[in-house]
Amino acid sequence: MKLVSAAVAAAIGIAPSRSTPTGTINPTTKPTALPTFPLWSGAGCPPEWIEGSVYNAKDLATVKNVVYQCSPLELLFVDQLCGLSSYMPDGSLYWGVAWTRLGSCDGGTIRPTDAPAHVALTDIGGCPEEFSEYMEYEAGDRVQVNGIVFQCKDWPYSIYCNAKGHEPLSPLADSAWTKLGFCEGTMTPSSSPVFVSLRDHDGCPDLFDHDKKYESNDK
């Protein structure tokens, strides 16, 4: 089969064939625009949200230049959810339980109005017992870790003093323990023990027997 030139094809009324492209050209996909929110009432952006950090009630955090506030429901422990990955602001199914969206920020970080104040720890004196994960702690109990003294908070926060992940110096310690100060050595008794002199009874009675029934004045 001979090929027909374009000029001859035009003279005899044959439309020139068009070659079919071997590849398909896809239209350019437009990037999905991030949702925009009105600017929040503050200035600049709070620090970025960090998984595992301790957030207190009404603390602020930023995710993709959007400002969020940790729940103020401190008594219901909702604020303790704010650092968990399953409650990441606008990035998890239940984020709205722990966070409130305040609006977008301009990208600049918030500058502190004053230099941070570092409070010196109080000298507690002698050290209480070392914290142990095998002990049961109640409100008011004191422990020490690396020479730092902590006291278990009052109820309802005291229920976390025995919870894993809330140990003193852990990321969630502030929800269960109060840092009191530092200590050195061991705790001394408040007063010297008093020894009472005992009377000599001239000989010893029988040894106590668990299976024997005793009456008043038995020895």
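Reader: What makes the nonpolar surface patch in this model, and what is its area?

Author: In this predicted model, L93, Y94 and V97 form a nonpolar surface patch of about 350 Å². Residues in a patch must have over 30% relative accessible area.

Reader: Why is Y137 called buried?

Author: Buried means under 20% relative accessible area; Y137 has 9% relative accessibility and therefore counts as buried. Y137 is located in the loop between β4 (122-127) and β5 (142-145).

Reader: Which residues touch Y137, not counting those up to four places away in sequence?

Author: Contact requires heavy atoms within 4.5 Å. Y137 touches E130, F131, S132, V143, C161, N162 and W177. With N162, 25 residues apart along the chain, the C-alpha separation is 6.2 Å.

Reader: What makes up the largest nonpolar core?

Author: Such a core is a set of buried residues joined through side-chain atoms within 4.5 Å. Here the largest one has twelve residues, including W49, Y68, C82 and W99. Two or more residues come from each of β1 (60-63), β2 (66-70) and α2 (95-98), and β2 gives the most, with three. Y137, V143, F150 and C152 are among the eleven residues of a second, separate core.

Reader: How confident is the predictor, and where does pLDDT stay under 50?

Author: The average pLDDT of the chain is 76, and 68% of the residues score at least 70. Over residues 111-119, pLDDT stays under 50, and the model has zero contacts there beyond four places in sequence.

Terms used. Residues are numbered from 1 along each chain as its sequence is written. This is a predicted model: local features need pLDDT of at least 70, side-chain atom pairs count only at pLDDT 80 or more; totals for chains, interfaces and linings use all residues. Side-chain values use heavy atoms; hydrogens and water are left out. Buried means under 20% relative accessible area, exposed over 50%, partly exposed in between (1.4 Å probe, protein chains only). Helices (H or I, at least four residues) and strands (E, at least two) are DSSP runs, numbered from the N terminus. Patches are made of residues with over 30% relative accessible area and no salt bridge: like charges are joined within 9 Å, nonpolar side chains (Val, Leu, Ile, Met, Phe, Trp, Tyr) within 5 Å. Accessible areas come from the Shrake-Rupley method with a 1.4 Å probe; for residues, only the protein chains shown count as cover. A salt bridge is a side-chain nitrogen of Lys or Arg within 4 Å of a carboxyl oxygen of Asp or Glu. pLDDT is the predictor's confidence in each residue, from 0 to 100.
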